[in-house]
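Reader: I am new to this structure. Please take one part and walk me through it closely, strand by strand.

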Amino acid sequence: MKNNSSLKGLLIAIVVFIIAFGVYFLFLAKKNYFVVDNPTPDTYYYKINNGSEGIVAGGQFVHVDLNQGKNSIQVFDKNKKLLYDSAFEVNKIRGLINIAHQDYYVNDQYYGYNLKKDSLLLALDKTTIDGKAYYGGARHFNKLYTEDFYYNVDEDYDKIIKNIQKVESRSKIFRKQDYLNYYKEYYKF
């Protein structure tokens, strides 16, 4: 076979294309999953959709599989006494089950060029936590299930988001104490 430079170029392009997709899916792609979270010191047992029994210890979270549409959950205390039996609707590709009905806050972090973070936060609503006002308009949540966020409790905000032409935001759900720690560290008022 003759030395065909067009064929070599095509093969090199295909290999580079495959490597680029491999790097993206292994390292860069955001994983979508659901979390059962327990910020309390107590241990809970649960069954989702009458499946196998799961356990979530105090201060931990567990990744779970959920179906799109209606799901059910049974929650038991450490003595395996039924605490509640409930249902919830799944519409998105990531979510959080608040097994202990604790306080969470969904916060928006803004990205963009020429962003004046402090003046932007002062223009947003205030959130009152334990009698103290916090700027930024974080939304309080304490129900069983939510999917109204971008980053889950076990993920961090991206440090930099490239190719933003305007000011954009990404939301993250925080446990109450994690939000207070984040606010104290990130915002300097």
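Author: Start with a hairpin. Strands β2 and β3 form it, with 4 residues between them. In the turn, Asn49 has a positive phi of about 55 degrees. Strands here are DSSP runs of E with at least two residues, and helices are runs of H or I with at least four; both are numbered from the N terminus.

A word on the source. This is a predicted model, where local features need pLDDT of at least 70 and side-chain atom pairs count only at pLDDT 80 or more, while totals for chains, interfaces and linings use all residues. Residues are numbered from 1 along each chain as its sequence is written, and side-chain values use heavy atoms, with hydrogens and water left out.

Strand β2 covers residues 44-48 and runs antiparallel to β3, with 4 bridges joining them. Two strands pair if DSSP finds at least two bridges between them. Tyr44 has Val56 of β3 as its bridge partner.

Now look at the faces of β3, residues 53-56. Gly54 and Val56 make up the covered face. Glu53 and Ile55 lie on the uncovered one. In a regular strand, side chains alternate between the two faces of the sheet.

Strand β5 (residues 69-76) is joined to β6 by 8 bridges, and the two run antiparallel. Ser72 stands opposite Ala87 in β6.

One more residue deserves a look. Glu147 sits in the loop between β12 (145-146) and β13 (168-175). Leaving aside neighbours within four places in sequence, Glu147 is in contact (heavy atoms within 4.5 Å) with residues including Glu89, Val90 and Asn91. The side chains of Glu147 and Tyr145 are joined by a polar contact of 2.7 Å. A polar contact is a pair of N or O atoms within 3.5 Å; within protein, one must be able to donate a hydrogen and the other to accept it, and residues adjacent in sequence count only if both atoms are side-chain atoms. A polar atom of the Glu147 side chain also lies 3.1 Å from the backbone nitrogen of Asn91.

Definitions and conventions. Buried means under 20% relative accessible area, exposed over 50%, partly exposed in between (1.4 Å probe, protein chains only).
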